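Dear colleague,

Please find the structure below, handed over for your own work. My notes on what was found in it follow directly after.

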Amino acid sequence: MFKLLSLCTLVLITTNLLAQPEFKIGAVLPLSGDAQAFGQEARMALEHALADNPGKKYQYKLVLEDDELSPAKASLAAKKLLDIDGAKVIFSNWSYGGNAVASALKNKKVLNLAFAWDQKILEVGNNNFIMAGPPEDLAQKIILKIKAEEKKSIILIGFQEAGVEFAFNAIEDFAQKNGIKVIKRIEINPAEQADFRSLLMQIKSLQPEYLVTCLIYPQMLELLKQMKILKIDLPIGSIGQPPFGPELKPFLPKIWWTFDYFANLKDQIAISKRTGLNDISGYPSYYEGLKAIIKISEQYSSEEIPSNDYLQEALENYKSDKSILGQISYEGRRFRSENALMIDQLARY
């Protein structure tokens, strides 16, 4: 009798799953290469959001594509997710990928949620959203910090992509308004730059009082190693990526960083334990972005997969009741949080 009941239960569950429409969610991420730390962080955030918010109306399926930090591959991956996989929502990473994905999906029947700083993504098509705060906020914060330390000259160094260019433009603007000279801005290819020695010798000869970086984690570590070898002891401001990793501790006495969300200490510890990551700066945005998609989809009146128009309108008007970021909303197709405070920390190693 017990076996018969178990069999009937299994049949009912299987029948129910088969009856649920499949809701495909795509993600174009750098899952390999120099930026894989960011891609894997995003992957875990999306997988955890799906596990924590399973929904009841649909079978949510996550389809991942590796763009290897290439805009061309990001564009092809986006088209594949749309045309072959039939994804209703696609998450993309940084501005290099966000721009490529946004262009490939311009006004298509799919939403693109990009973790990026580049506002141009919003101009490509009204189906594109940004899951990050404006870099002007970060730029202002870091310049005020440099001014408070009475430094008068800085050099900017970052990887080549549209979001970094936008952030550096904002930094230059605020620097000029606060009497701080930008001696030079250096943009490097994250897929090629491995040896910073000649670059650092150039920086040393220019004698800046501060170095402002926007680099991915492996580059940041290599930069600090070579600064130590060459005995270049400049204070560093890191915009976007916090240098949490213990590997960084031996190299410089002072690093200050700023980024565009604040999760309380309890949530940071919980996320770090769950992911094994030291840098979780992008995790909350991906997690909350997918959580929002699931929540508004579950409220759809029809049993069919929600229409693109419904998803877009609902996301534009979305506010969460509770999240690790505080009260989340999407205003002007841009992610906002009432608790998105700048972390003002001076890390002394």
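Helix α2 (residues 36-52) contributes most to the lining of the largest pocket, with three residues. Helices here are DSSP runs of H or I with at least four residues, and strands are runs of E with at least two, numbered from the N terminus. The model is a predicted one, in which local features need pLDDT of at least 70 and side-chain atom pairs count only at pLDDT 80 or more, while totals for chains, interfaces and linings use all residues. Residues are numbered from 1 along each chain as its sequence is written, and side-chain values use heavy atoms, with hydrogens and water left out.

The volume of this largest pocket is about 180 Å³. Grid points are joined across faces, edges and corners, and the volume is the space filled by probe spheres set on the points. Ten residues line the pocket, and those closest to its centre are Ala 37, Tyr 217, Leu 277, Asn 278 and Asp 279. By class, the lining comprises four nonpolar, three polar and three charged residues (Ala, Val, Leu, Ile, Met, Phe, Trp, Tyr, Cys and Pro count as nonpolar, Asp, Glu, Lys and Arg as charged, and the others, Gly among them, as polar).

I turn next to the nonpolar cores, each a set of buried Ala, Val, Leu, Ile, Met, Phe, Trp, Tyr and Cys residues joined through side-chain atoms within 4.5 Å. Buried means under 20% relative accessible area, exposed over 50%, and partly exposed in between, with a 1.4 Å probe and protein chains only. The largest core has 79 residues, and Phe 91, Leu 113, Ile 154, Ile 171, Leu 315 and Tyr 330 have the most contacts inside it. Helix α11 (residues 283-298) gives the most to this core, namely eight residues. A second, separate core of 22 residues includes Leu 215, Tyr 217, Leu 224 and Phe 251. With residues up to four places away in sequence not counted, Tyr 330 touches residues including Leu 113, Phe 129, Met 131, Leu 315 and Phe 335 (contact means heavy atoms within 4.5 Å).

There are twelve salt bridges in the whole structure, each a side-chain nitrogen of Lys or Arg within 4 Å of a carboxyl oxygen of Asp or Glu. One of them joins the side chains of Lys 73 and Glu 68 at 2.7 Å, N to O. Lys 73 is partly exposed at 37% relative accessible area, and Glu 68 is partly exposed at 42%. Another joins Lys 177 and Asp 173 at 3.2 Å, N to O. These two are separated by about one helical turn, because they stand four residues apart in helix α7 (residues 162-177). Lys 177 is exposed at 62%, whereas Asp 173 is partly exposed at 34%. Glu 65, Lys 80 and Asp 85 are linked in a network of salt bridges.

Finally, Glu 136 lies in helix α6 (residues 135-148) and is partly exposed at 28% relative accessibility. The C-alpha atoms of Glu 136 and Asp 173 are separated by 9.4 Å.

With kind regards

Definitions and conventions. On a 1 Å grid over the protein atoms alone, a cavity is a set of points where a 1.4 Å probe fits but cannot get out, and a pocket is an open set with protein on both sides within 12 Å along at least five of seven lines; lining residues have an atom within 4 Å of a point.
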